[in-house]
Structures are given as structure tokens and as C-alpha cells.
Amino acid sequence: MLHIFLFSYRAEHHEVLAEYKEGVGKFIGMPESLLYCSLHDPVSPCPAGYVTNKSVSVWGVGGRVEMTASKFMAIQQALQPDWFQCLSDGEATCDEATSIKRARKSVLQKSSIIGVIEGGDVTEERLRSARETAKRPVGGFLLDGFQGNPATLETRLHLLLICGVSRPDEVLECIERGVDLFESFFPYQVTERGCALTFSFDYQPNPEETLLQQDGTQEEIKYVDQTKKSKTTSCDREMTSFEINLKEKKYQEDFSPLVRGCSCYCCKNHTRAYVHHLLVTNELLAGVLLMMHNFEHYFGFFHSIREALKSDRLAQLKELIRQQAS
């Protein structure tokens with residue numbers, strides 16, 4: 001499995017790893033894992049306006065860290081990852097008055113390991129960036145600066161990683177456009193909202209299980225109809241149609257698992273009512289159980305994607321996800 005860790009958090013403490021001299025993989029007890037070092041945390045948007053012609057700013061727990069090319073490479077030497085994302089400027093968008101100029105400046109002239117395709121929403125500059133990056137001895141390509149909008153993704157290259165895209169429907173859109181690797185921050189975001197992933201990705205369902213899921217869906221729709229006039233919270237606005245909010249009072253006496261048939265520890269041992277209780281009483285165990293379930297469910301979704309690709313049934317899976325998206 002590919003494990004992604006954040007350069008911005010490791011940069012603040014790289015002196016320890018430099019003295020250790022055996023790399024971050026062995027330091028964290030994962031010497032056999034494939035490690036990729038990403039620049040930024042996709043869950044926390046980076047403030048714009050801190051990129052210069054000599055440095056790129058990364059943001060860690062202690063705030064902004066200004067990174068030059070020489071300092072960046074020294075830290076990578078201490079980390080010793082299998083892959084790492086090159087320093088790049090991904091702030092350019094069409095909303096900025098100087099977007100064309102910024103997009104042109106963001107195109108890489110030098111790159112190593114994972115080359116970053118830049119250019120904001122300017123198609124011509126993304127193509128120029130792709131051509132320039134493809135000339136370098138890179139092991140793969142990262143598509144940066146889409147801000148969670150894969151609709152403008154047109155470049156097709158070998159081994160593509162994209163940042164900021166994680167919703168199931170967006171993931172499938174990107175896969176159709178040739179993307180190979182994704183960040184898995186979506187389950188974390190869902191957990192932070194006190195929610196559980198419940199969307200179906202079984203494009204070859206058992207008829208009996210399908211009937212049970214349809215009954216549950218009808219109950220959810222009925223509840224929404226009854227409460228649609230109630231005040232919408234910020235959590236509700238952030239929620240997606242792929243999850244349920246277990247803080248809601250209707251789960252107080254729901255003694256079913258989070259998802260029927262789920263093999264995670266939470267679903268095999270606990271109920272929606274129990275997790276609801278943990279959430280409303282602010283117990284730390286709530287986040288632990290939700291994180292276990294959400295990652296198990298999300299990784300199951302990707303397993304389903306791989307199986308669909310093998311059997312040439314990705315369109316069927318995409319239609320199933322589309323029906324659940326909103």
C-alpha cells in the first residue's frame with residue numbers, strides 16, 4: 001500500500017531525522033511501505049500570496065515555513081521517501097486578475113521524482129507544463145491546483161496523482177480521465193463532521209440486501225421530508241449525500257450497524273445508537289470508531305473500482321455512484 005505523509009509537518013522536525021540517518025520509513029516503523037511525501041495538507045487550505053520566485057511556503061502545525069530549493073532537497077535527503085512532490089506554485093486560478101501571468105510562472109523548469117503539472121485553470125499553460133515536465137526524468141506526475149474540480153482535467157500521462165479530489169463521484173470522473181492515485185482525506189473529513197460513510201458501491205448487489213438498503217433509503221427520505229423546514233447547520237452544508245450525520249436525534253434508538261454487511265470493527269461490535277451516544281457526550285472513542293469505519297468503507301470503494309476495471313464495468317459503478325450523488 002502507498003502511504004502519504006505531509007512534508008509540511010515533517011519539515012519542522014527534520015533535524016531529528018537527519019541525525020537518525022535511516023529515513024522516515026524506518027523511523028515510524030514502516031520500513032517495507034512505499035512512502036510518498038506530499039507538500040500540503042489537503043484538509044487545510046493553504047493561504048495564497050506567499051510564493052516568490054525563490055521560495056514556496058508550506059504550512060505546518062507551527063505556521064508558515066519558507067522553503068528554498070536547497071533547503072527542500074536537504075530535508076528530502078533526511079526523510080528518504082520513495083517518491084516526493086516537487087516544490088511548485090499551485091495558486092493560479094482564472095478568478096485572479098493576474099492568473100495567466102501566475103500560471104506561466106508556475107510551470108516547472110526543473111523537476112525530479114514526482115513532477116507537478118501546474119497552470120491553474122488555463123488549459124494552454126497546463127499543456128505547456130505537461131510537455132516540459134514530461135521531458136524530465138520523473139517517475140510520475142501530480143496534477144495540482146484543481147481545488148476539487150476535476151472537470152477541467154484533460155491531460156493524460158502515465159502514472160498520475162491528483163491533489164484535492166476525494167469525493168466518490170469526483171474520483172470516478174478522474175479515473176475515466178486517466179488518474180491513477182488519490183489522496184484519502186475524505187474519510188477524515190467525514191469523521192470530523194461526526195458522520196459515517198454509508199454509500200453503496202456494490203454494482204452486483206444481492207437482491208435481499210438491495211431490498212433492505214432501499215427500505216433504509218426510503219426511511220432517510222421520509223425523515224428529510226419531515227425536517228426540511230428546520231434550520232440548516234454548517235455541518236449540514238458541508239455534508240455530502242454519501243454520509244449520514246450520527247449526531248442527529250433519530251439515531252438515538254437505531255440499533256443497526258452503521259452499514260449492514262460492513263466488516264469493520266465498529267459495525268461488527270457497535271450500533272448507530274451507541275456511536276450517537278458517544279458523539280453527543282463528546283467521547284473520544286466516537287472519532288476512533290468512525291475513523292475505523294470510514295476508512296474501511298472508503299478502501300472498500302477503491303477495491304470495488306479495481307474489480308470494476310478488471311471486469312470492464314466501471315460505467316455501471318459510476319452510474320450507481322451518480323444516483324447517490326447530490
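This is a predicted model: local features need pLDDT of at least 70, side-chain atom pairs count only at pLDDT 80 or more; totals for chains, interfaces and linings use all residues.
An α-helix has 3.6 residues a turn, so residues three or four places apart point the same way.

Just after α12, Asn282 adopts a positive phi of about 60°, although Asn282 is not a glycine. Most residues other than glycine have a negative phi.

## Contact of α13 with α14

Helices α13 and α14 have axes that come within 8 Å of each other and cross at roughly 145°. On the α13 side the contact is formed by Phe301, Ser304, Ile305, Ala308 and Leu309, and on the α14 side by Leu314, Leu317 and Ile321. These residues comprise 7 nonpolar and 1 polar, with no charged residue.

The loop between α13 and α14 (314-324) holds Asp312. Asp312 is not a glycine, yet has a positive phi of about 60°. With a relative accessibility of 72%, Asp312 is exposed.

## The annotated binding site

The unreviewed UniProt entry lists Cys262, Cys264, Cys267 and His293 under "binding site". These positions span 32 residues in sequence, but no two of their C-alpha atoms are more than 8.3 Å apart, so they gather at one spot.

Cys264 belongs to the loop between β11 (243-245) and α11 (265-269), whereas His293 is part of helix α13. Cys264 has a relative accessible area of 3%, which is under 20%, and is therefore buried. His293 is also buried, at 0%. Leaving out residues up to four places away in sequence, Cys264 touches Met292, His293 and Glu296. With its neighbours within four places in sequence set aside, His293 contacts Ala196, Leu197, Leu258, Val259, Cys262, Cys264, Cys266 and Cys267.

## Ser200 and its polar contact

Ser200 is located in the loop between β10 (195-197) and α9 (207-227). Its relative accessibility is 17%, so Ser200 counts as buried, the limit being under 20%. The side chain of Ser200 reaches the backbone nitrogen of Asp202 at 3.5 Å.

## Trp83 and Cys37

Trp83 is in strand β5, which is made up of residues 83-84. At 22% relative accessibility, Trp83 counts as partly exposed. Trp83 and Cys37 are separated by 46 residues in sequence, while their C-alpha atoms are 6.3 Å apart in space.

Technical notes:
Residues are numbered from 1 along each chain as its sequence is written. Side-chain values use heavy atoms; hydrogens and water are left out. Helices (H or I, at least four residues) and strands (E, at least two) are DSSP runs, numbered from the N terminus. Buried means under 20% relative accessible area, exposed over 50%, partly exposed in between (1.4 Å probe, protein chains only). A polar contact is a pair of N or O atoms within 3.5 Å; within protein, one must be able to donate a hydrogen and the other to accept it, and residues adjacent in sequence count only if both atoms are side-chain atoms. UniProt positions are given in the numbering used here, feature names are shortened, and annotations may be inferred rather than shown by experiment. Contact means heavy atoms within 4.5 Å. Axes are lines fitted to C-alpha atoms, for helices over the stretch in contact, and angles run from 0 to 180 degrees between N-to-C directions. Ala, Val, Leu, Ile, Met, Phe, Trp, Tyr, Cys and Pro count as nonpolar, Asp, Glu, Lys and Arg as charged, and the others, Gly among them, as polar.
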